[in-house]
Amino acid sequence: MRVRLENITKQFNKDTKAVNNFSAVIESGELVTLLGPSGCGKSTMLNMLSGILIPTEGKIYFDDDDVTEMPSDQRGIGLVFQNYALYPHMTVLENICFPLEIKKVPKAERIARATEMAKLVHVDMLLDRKPGQLSGGQQQRVAIARALVKQPRLLLLDEPLSNLDARLRIEMREEIRRIQQETKVTAIFVTHDQEEAMSISDHIILMKDGFLQQFDEPQVLYDSPANCFTADFLGNPPINKMEGVVRNGEVYVTDANLPSGVKIDLPEGKEVYLSFRAESAEYNPEASLKGTVIMTSVMGKEKITSIKLGNMEVRAYMDAKLTLKSGQEIGIGFKDTGVFVFDRETGERYL
Amino acid sequence: MKKIKFSTVLLYLVLFFGALIMIFPFYWMITGAFKTGTEIVQMPPTMLPNSFTNLDNFKFAFQTAPFVTYFINSVEMMIACVVLCGVTTILTAFAFSRLRFPGRNLIFSCLLALMMVPFEMLVITNYRTIVGWHLHDTKWALILPFTTSIFYTYILKGFFDSIPESLYQAAKVDGCSDWKYLWRVMVPMSKPSLVTIMLLNAIATWNSFMWPMIATNSKEVRTLPFGLYAFISEGGAKNERMMAAATVVVLPMIIVFLVARKYIVNGVARGGLKG
């Protein structure tokens, strides 16, 4: 099912808009992540999709149906919560059956469908257990089965992995991806973890302060951020961000007071940020930008190097074969990709 | 051998005497019920009755006063109060915990403020209401004033509040009505709290004395505690007979308490005084 959001605004009180003029189209069968720091409006957006909240302005369409003010239960959605929200007094089977029980599906069919769903999420050997006897990952599997058993048009997942430990989180995100692709259900996944979003999604919607920042494929988001915020938010280690100023068509790094070698056609004296990914810097003795090595840590084929540039510190991957000592001065050159110039005030991207 | 601390010994000693003081009246009542009239006033007193097969006192009690009727009345009143009060408590607690309506907090605060008014002060208004409805000296007079309880509502609301909102949302998305959600999810989840509330209510109803004394006159609708009081004048001030009657009155509650002790203690500690 295709989800169309048109100019959605949600206002809780006079001054603050949790979601601001938000428009997006989510194509059928895709897994789309709503990503953003806490308080960015992603959960509000999800609640409007599920019908728990009604938008102040704007329209939500499921295919061609206007569902903006439709009650939750008529929307045909499945919800998965961060805290699983399983009914603790019911067994796994009863939990999965519950949505069908409400729909008054005959008992035999109910059990057949629930069992089938349990198989899909690999909890079919736990049907008689109570949620309290399951691990977090298993509970989340049951919650997903419960959300999917009534064959929803749209699956909404609200930070479903946040309560799991690191290893289970990776396992479960792959599982969610697999289940989503097997059922071909359109899914919207809310998270604040950029790594999770990058690894699981067909498309990512990045939000900040209620505004949509960028809506693209994960790789595009990473390679070609629309603005400074997107560049800062994605990537591990985080992107290096240096204050700069334009002189003679070249960005000078303010802290080091050195030309960076990055050419740009902007007015003289324009204040910008020069950002580069750790993998986009390279060792280049001829580069005009010089820094002092603080420390290096070996990561196998590369080593990550902390370099002092004036008053600030940047991190860059260097070839493992290079011998770099602390205190050594090195020249920093840049590759063609992963180097960006942003407006210091608006965050708008120039390069 | 492990060394036992002096403080531990002291603690157990205090607890032992505390327990002794608590248990002794019950012991005296039960043994007294089997004693004869001369044995009970005998000095020095006997710790055990001469014969445990002496059931004359019980026979006398049951012959003089209709304790069987009293007993049935008490059970009826208890069941009616526990069931009706349970239902109203569940519904009220759900409304205050989950439903949004204007003035919700204000109304709840007013109800809590009402808890400060002692029951004794309400006796007169309750009495006038019951008389006004022509229910005086009927079983309904015993039941109606106890079909709601702010205190139990407060306890249960505390427990309902601790159930995550997401469970409600999950059920709502599936099309579950409030009514069904309440009975299929909230009530089963609150079983420990509910059992406690019902037990406390059962004990309070069973022991209630003042209201039955005011609201009833005739033997047909009397309950056990008031029956016991009336027995003092009707059966004559014979200690051994009163002991037998008293034993009949408290025994069911002692049994209930022993069986359900675990729930009472847990429930009060858990659902009790939070939020």
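# Exercises on a predicted two-chain model

A:N47 is found in helix α1 of chain A, where helices (H or I, at least four residues) and strands (E, at least two) are DSSP runs, numbered from the N terminus. This is a predicted model, in which local features need pLDDT of at least 70, side-chain atom pairs count only at pLDDT 80 or more, and totals for chains, interfaces and linings use all residues; side-chain values use heavy atoms, with hydrogens and water left out. Residues are numbered from 1 along each chain as its sequence is written, while chains are lettered from A and ligands numbered from 1 in the order in which they are written.

## Exercise 1: around helix α1

Task: State which residues A:N47 is in contact with, leaving aside its neighbours within four places in sequence.

Solution. Step 1: contact means heavy atoms within 4.5 Å. Step 2: with those neighbours left aside, A:N47 is in contact with A:I52 and A:L53. Step 3: for A:N47 and A:T115, which are 68 residues apart along the chain, the C-alpha atoms are separated by 29 Å.

## Exercise 2: the sheet beside the helix

Task: Give the strand order of the 4-stranded open sheet of chain A, and say why one side of β2 and of β5 is left without a neighbour in the sheet.

Solution. Step 1: two strands pair if DSSP finds at least two bridges between them. Step 2: the order is β2-β1-β4-β5, with antiparallel pairing. Step 3: β2 (17–26) and β5 (65–66) of chain A stand at the edges and have a single partner strand each, so one side of each lacks a neighbour in the sheet. Step 4: inside the sheet, β1 (residues 3–11) and β4 (residues 57–62) of chain A run antiparallel and are joined by 5 bridges. A:R4 stands opposite A:Y61 in β4(A). Step 5: strand β1 of chain A also holds A:N7, which has a positive phi of about 45° although it is not a glycine. Step 6: α1(A) lies across β1, β2 and β4 of chain A and runs at about 120° to β1(A). Axes here are lines fitted to C-alpha atoms, for helices over the stretch in contact, and angles run from 0 to 180 degrees between N-to-C directions.

## Exercise 3: the hairpin of β11 and β12

Task: Describe how β11(A) pairs with β12 of chain A, and which residue in their hairpin takes a positive phi.

Solution. Step 1: β11(A) and β12 (residues 250–253) pair in the antiparallel sense over 4 bridges. A:R247 has A:E250 as its bridge partner in β12(A). Step 2: the hairpin has 2 residues between the strands, and A:N248 takes a positive phi near 50°. Step 3: β11 (residues 240–247) is also joined to β14 (residues 271–276) of chain A by 6 bridges, again antiparallel. A:E243 stands opposite A:Y273 in β14(A). Step 4: the loop between α8 (228–233) and β11 of chain A holds A:P237. A cis peptide bond, with omega about 0°, joins A:N236 and A:P237.

## Exercise 4: the interface

Task: Say how much area is buried between chain B and chain A, and which elements of chain B give two or more residues to its side.Solution. Step 1: the contact takes 19 residues from chain A and 16 residues from chain B. Step 2: about 1,600 Å² is buried, of which carbon and sulfur atoms give 65%. Buried area is the accessible area (1.4 Å probe) that two parts lose on being put together, summed over both. Step 3: in chain B, B:V173, B:D174 and B:R184 lose the most area to chain A, together 40% of what that side buries. Step 4: across the interface the rule finds 3 salt bridges, including the one between A:E101 and B:K180 (3.4 Å, N to O). Step 5: α9 (165–173) and α10 (178–189) of chain B are the elements that give two or more residues to the side touching chain A. α9(B) gives the most, with 7 residues.

Definitions and conventions
A salt bridge is a side-chain nitrogen of Lys or Arg within 4 Å of a carboxyl oxygen of Asp or Glu.
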